[in-house]
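Subject: Structure for your review

Dear colleague,

My notes on what was found in it follow directly after.

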2 protein chains.
Amino acid sequence: MNIGEAAKQSGVNAKLIRHYESLGIIPKASRTESGYRTYSENEVHILTFVKRARALGFSMKEIKKLVGLWRNRSRASSEVKTMAMVHVKNLEVKINDLEMMRSTLLKLAKNCHGDGRPDCPILESLSDSKKV
Amino acid sequence: MNIGEAAKQSGVNAKLIRHYESLGIIPKASRTESGYRTYSENEVHILTFVKRARALGFSMKEIKKLVGLWRNRSRASSEVKTMAMVHVKNLEVKINDLEMMRSTLLKLAKNCHGDGRPDCPILESLSDSKKV
DNA sequence: ATCCACCTTCCCATGGTTGGAAGGTCAATA
DNA sequence: TATTGACCTTCCAACCATGGGAAGGTGGAT
């Protein structure tokens, strides 16, 4: 299977597959005589794994670790669970940040009449000496 | 006032101030004879504005626009409000994404005993053919 | 023989920020 | 006066994950 087919099956862009290989996240693909990368079901499997972990917001560094754990039959599940829970904490911090931004902006926008007049509490609040 | 003092007063890193200037987000600072940038209260004011807008998650491109609107006495408040509400929508999309990730991960982690044993539903779910 | 779709490697861009290197300036002190 | 140390200057590079494009080689069909 060439890289294009592996890309189609895994849903990971061919360009990205090469990139992941260069980062050492996936093992180096074997090559045909002319230099084309070849893939089997197994590699597609790994790529799918990476794609799903990415969709859960793990960084590539974390994913590299996860792939290692996944391929290591004797890993302890505690290690994976710990990573997952640390990640959940990070997600929660981000969610909190974004929700703060959202509520602040909504509060400001509520007081802005939003018509042709120039006075705008949003801008004022961003620039005034009193904090937002 | 030198750039260091402006940085201290505005809370924006000196390095970042130069960067913002190069991006055209803040006006070019005037210089002393020897080339040092000089700042007044007014510039510090703009920097503070930028910092707060950044804290609300606006992109630098959006902030450039906001600074322009802020400095333009005849802007329409509707324009600002529209930007704010578009930004709120974007925030909501991100929040949703992160919350999906969080709940998926929590669901997976709940089923993982997280001890010394190797079997781990988190990894299995990431790699299995059935979707997460 | 030609054509098109595929593959290869390479470099560059994004966005926002931070880091360092190499060098100039300012003010105070020995 | 000379030196020191804190500040300033510009330029170049890194981070992370991804995408774009150039320039050139391969594979297989017509």
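In this predicted model, helices α1(A) and α3(A) have axes that cross at roughly 45° and are therefore oblique to each other. The two axes come within 9 Å, and α1(A) passes α3(A) in a right-handed crossing. On the side of α1(A), the residues involved are A6(A), Q9(A) and S10(A); they meet E43(A), V44(A), L47(A), T48(A) and K51(A) of α3(A). Sorted by class, this contact of α1(A) with α3(A) has three nonpolar, three polar and two charged residues.

Chain B has a corresponding pair to report. The axes of helix α1 (residues 3-10) of chain B and helix α3 (residues 41-55) of chain B come within 9 Å, with a crossing angle of roughly 45°. Helices α1(B) and α3(B) are therefore oblique to each other, and their crossing is right-handed. The contact is formed by A6(B), Q9(B) and S10(B) from α1(B), together with E43(B), V44(B), L47(B), T48(B) and K51(B) from α3(B). Its residues comprise three nonpolar, three polar and two charged.

I turn next to the contact of chain A with chain B. Each chain is represented in it by a stated number of residues: 47 from chain A and 47 from chain B. On the side of chain A that touches chain B, the elements giving two or more residues are α3 (41-55), α4, α5 (77-110) and α6 of chain A. Of these, α5(A) gives the most, with 21 residues. By class, that side of chain A has 25 nonpolar, 11 polar and 11 charged residues.

The surroundings of the DNA may also be of interest to you. DNA strand C is surrounded by 19 residues, of which the closest are N2(A), G4(A), R37(A), S59(B) and M60(B). At least two residues of the surface near DNA strand C are supplied by each of α1 (3-10) and α2 (14-23) of chain A, and by each of α2 (14-23) and α4 (60-71) of chain B. The surface near DNA strand C divides into five nonpolar, eight polar and six charged residues.

For DNA strand D, 19 residues form the surroundings, and the closest are S59(A), M60(A), N2(B), G4(B) and R37(B). The class division of the surface near DNA strand D is five nonpolar, eight polar and six charged residues.

Finally, a word on confidence. Chain A has a mean pLDDT of 93, and 97% of its residues reach 70 or more. Among the elements of chain A, the lowest mean pLDDT, 91, belongs to helix α6 (residues 121-127), while strand β2 (residues 37-38) of chain A has the highest, 98.

With kind regards

Technical notes. Residues numbered from 1 in each chain as written. Chains lettered and ligands numbered in written order. Predicted model: local features only at pLDDT ≥ 70, side-chain atom pairs only at ≥ 80, totals over all residues. pLDDT = per-residue confidence, 0-100. Helix = DSSP H or I, 4+ residues; strand = E, 2+ residues; numbered from the N terminus. Axes fitted to C-alpha atoms, helices over the stretch in contact; angles between N-to-C directions. Parallel < 35°, antiparallel > 145°, perpendicular 65-115°, else oblique. Left-handed = near helix turned anticlockwise from the far one by under 90°. Contact = placed C-beta atoms within 7 Å. Nonpolar A, V, L, I, M, F, W, Y, C, P; charged D, E, K, R; others polar. Near = placed C-beta within 6 Å.
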